[in-house]
Amino acid sequence: MAGSTQRVIRKTFMELLEDRPLNEITVKLIVERCGINRKTFYNHYRDIPDLMEKILTDEVDAIMARYTQVDSIEECLGHAIEFALQHKRAALHIYRSVGRDVYVESTLKLCDYLVRTYLAKVDGAAEMDAEDYEILVRLYRGQLFGLITEWMMQGMQSDILQNFHRVCALRSGMTEELIRRANLRPQP
């Protein structure tokens with residue numbers, strides 16, 4: 001029963017978030033829509049920010065569990081924006097709220113995971129010096145995160161995937177070249 005109650009609360013919250021900004025959603029509104037009492041809500045969540053954080057954490061964990069292999073940096077972006085594309089208005093409402101930090105942290109965690117998963121498949125990356133490897137992770141994580149953040153700031157107006165595919169076409173071969181150069185560097 002607890003699992004189904006949590007699912008109903010989460011589903012109701014996401015439906016409300018599709019219709020209105022986060023600051024207009026109250027526990028009272030959620031419980032009335034769910035047909036439960038306030039005590040039941042508080043048995044599962046401390047407050048609305050806790051509910052939102054758990055939803056985002058679970059979404060990121062689910063995406064990470066689904067994608068144990070990533071074949072390209074383009075694929076990383078597609079997976080990183082999956083939640084936002086499926087829940088566009090809700091994602092914008094979260095991003096434009098005081099709860100933005102939770103969304104930002106979740107997105108950064110997902111970008112880090114996806115970049116590391118991608119690099120695990122790239123020839124030569126495993127042989128890189130650990131410091132160079134982390135530099136490469138930060139570079140790609142920052143690029144993905146920056147693109148997503150700019151896209152969110154602009155209200156998700158552009159076709160981020162189309163734009164990123166073009167960027168990837170222009171920079172084709174750069175990952176391999178960066179790894180090749182890193183592996184040529186004399187090790188201390």
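Predicted model: local features only at pLDDT ≥ 70, side-chain atom pairs only at ≥ 80, totals over all residues.
Local features are taken only where pLDDT is at least 70, side-chain atom pairs count only at pLDDT 80 or more, and totals for chains, interfaces and linings use all residues. Residues are numbered from 1 along each chain as its sequence is written, and side-chain values use heavy atoms, with hydrogens and water left out.

**Stop one: helices 4 and 8.** Select residues 48-66 for helix 4 and 100-119 for helix 8 (helices are DSSP runs of H or I, at least four residues, numbered from the N terminus). Their axes, lines fitted to C-alpha atoms over the stretch in contact, sit 10 Å apart at an angle of about 10 degrees. The two helices are therefore roughly parallel (an angle under 35 degrees). Now show the side chains in contact (heavy atoms within 4.5 Å): among them are Met-52, Leu-56 and Val-60 of helix 4, and Val-102, Ser-106 and Tyr-113 of helix 8.

**Stop two: Cys-76.** Next, pick Cys-76, which lies in helix 5, residues 73-80. Setting aside neighbours within four places in sequence, you'll find Cys-76 touching Val-70, Leu-114, Val-115, Tyr-118 and Leu-144.

**Stop three: helix 11.** Finally, select residues 174-184 and colour Thr-175, Ile-179 and Ala-182, the buried residues of helix 11. They share one side of the helix because they cover an arc of only 60 degrees around the axis (using directions from the axis to the C-beta atoms). Helix 8 and helix 9 (130-153) are included in what covers the buried residues.

Definitions and conventions. Buried < 20%, exposed > 50% of the residue type's maximum accessible area, 1.4 Å probe, protein only. Axes fitted to C-alpha atoms, helices over the stretch in contact; angles between N-to-C directions. Parallel < 35°, antiparallel > 145°, perpendicular 65-115°, else oblique.
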